[in-house]
Amino acid sequence: MQRIPFDIDEYERRVHTSPCFVCAIVAGTHDSDLEQIIAEDDEHIAFLVRYPTLIGHALVAPKRHREHVVRDLDDEAYQRLMRMVYKVARAVETVLPTERMYVMSLGSQQGNSHLHWHVAPLPPGVPYREQQFHALMSENGVLPWTLEDAIRLAGQLRAAFADS
């Protein structure tokens, strides 16, 4: 799918001037419906990203605001979070053709500090030069994405997650 340019400067401005977007999604006060929720339990939430670089790109996060993957979670909490990441990744692979599943924790104390894991399926056939970090970097453009796209895919992912 053809990518469209992404305004990194505007994105950075919004990240620095807005409240925590994960906490806003958990509270139901976020300013976008594109982050369709695909799974949640008492402790975790998983939702589609607003600006996908790969179809099916989702985030998995603890509902409570945590910032450090090692310091802020004990072993049991970490294992529970990883089980949710695994189940979301399996649901994504059930719905979308996937050559490789990228799973990583990104973020910064300077923005997007709420601990979250990216679950991003690389589709088959992507040239090697466009895989790995290149595939995930919004600086290389994002996919055209509508609310209808997000609602449709989230429904498929919720069904696959429920079946897992």
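Colleague: In this predicted model, at roughly what angle do the axes of α3 and α5 cross?
Modeller: The model is a predicted one, and in it α3 passes α5 in a right-handed crossing. The axes of the two helices come within 8 Å, and the angle at which they cross is roughly 115 degrees.

Colleague: How do the residues of the contact of α3 with α5 divide into nonpolar, polar and charged?
Modeller: On the side of α3 the contact is made by Met-84, Lys-87, Val-88, Ala-91, Val-92, Thr-94 and Val-95, and on the side of α5 by Leu-153, Gln-156, Leu-157, Ala-160 and Phe-161. Taken by class, these residues divide into nine nonpolar, two polar and one charged.

Colleague: Which element gives the most to the largest nonpolar core?
Modeller: The largest nonpolar core has 29 residues, and those with the most contacts inside it are Ile-38, Leu-48, Val-60, Leu-81, Val-88 and Val-119. At least two residues of this core come from each of β1 (37–40), β2 (44–48), β3 (58–62), α3 (75–95), β5 (111–122) and α5 (147–163). With nine residues, the element that gives the most to this core is α3.

Colleague: Is Val-119 buried or exposed, and what is its relative accessible area?
Modeller: Val-119 is found in strand β5. Leaving aside neighbours within four places in sequence, Val-119 is in contact with Gly-56, His-57, Ala-58, Val-60, Val-85, Val-88, Ala-89, Met-101 and Tyr-102. Because buried means under 20% relative accessible area, Val-119 counts as buried, its value being 0%.

Colleague: How far apart in space are Val-119 and Gly-28, C-alpha to C-alpha?
Modeller: Val-119 lies in β5, and in sequence Val-119 and Gly-28 are 91 residues apart. In space, the distance between them from C-alpha to C-alpha is 22 Å.

Colleague: How many residues apart in sequence are the parts that the pair of Asp-31 and Arg-50 ties together?
Modeller: A search of the whole structure finds six salt bridges, and in one of them the side chains of Asp-31 and Arg-50 meet at 2.4 Å, N to O. Asp-31 lies in the loop between α2 (21–27) and β1, whereas Arg-50 lies in the loop between β2 and β3, so the pair ties together parts whose separation in sequence is 19 residues.

Colleague: Which residue is linked with Asp-31 and Arg-50 in a network of salt bridges?
Modeller: Asp-31 and Arg-50 form a salt bridge with each other. The network that links these two residues also takes in Glu-35.

Colleague: Which parts of the chain hold Arg-80 and Glu-43?
Modeller: The side chains of Arg-80 and Glu-43 meet in a salt bridge of 2.6 Å, N to O. Arg-80 is partly exposed, with a relative accessible area of 29%, and Glu-43 is partly exposed too, with 33%. The two residues are 37 apart and link distant parts of the chain, Arg-80 being in helix α3 and Glu-43 in the loop between β1 and β2.

Colleague: Which helix holds both Asp-149 and Arg-152?
Modeller: Asp-149 forms a salt bridge with Arg-152, the closest N and O atoms being 3.2 Å apart. The two residues are three apart, about one turn of the helix, and both lie in α5.

Colleague: Which residues does Ser-138 touch, not counting those up to four places away in sequence?
Modeller: Ser-138 has its place in the loop between α4 (133–136) and α5, and at 18% relative accessibility Ser-138 counts as buried. Apart from residues up to four places away in sequence, Ser-138 touches Phe-6, Ile-8 and Thr-53.

How values were computed
Residues are numbered from 1 along each chain as its sequence is written. This is a predicted model: local features need pLDDT of at least 70, side-chain atom pairs count only at pLDDT 80 or more; totals for chains, interfaces and linings use all residues. Side-chain values use heavy atoms; hydrogens and water are left out. A nonpolar core is a set of buried Ala, Val, Leu, Ile, Met, Phe, Trp, Tyr and Cys residues joined through side-chain atoms within 4.5 Å. Buried means under 20% relative accessible area, exposed over 50%, partly exposed in between (1.4 Å probe, protein chains only). Helices (H or I, at least four residues) and strands (E, at least two) are DSSP runs, numbered from the N terminus. A salt bridge is a side-chain nitrogen of Lys or Arg within 4 Å of a carboxyl oxygen of Asp or Glu. Axes are lines fitted to C-alpha atoms, for helices over the stretch in contact, and angles run from 0 to 180 degrees between N-to-C directions. A crossing is left-handed if the near helix is turned anticlockwise from the far one by less than a right angle, and right-handed if clockwise. Contact means heavy atoms within 4.5 Å. Ala, Val, Leu, Ile, Met, Phe, Trp, Tyr, Cys and Pro count as nonpolar, Asp, Glu, Lys and Arg as charged, and the others, Gly among them, as polar.
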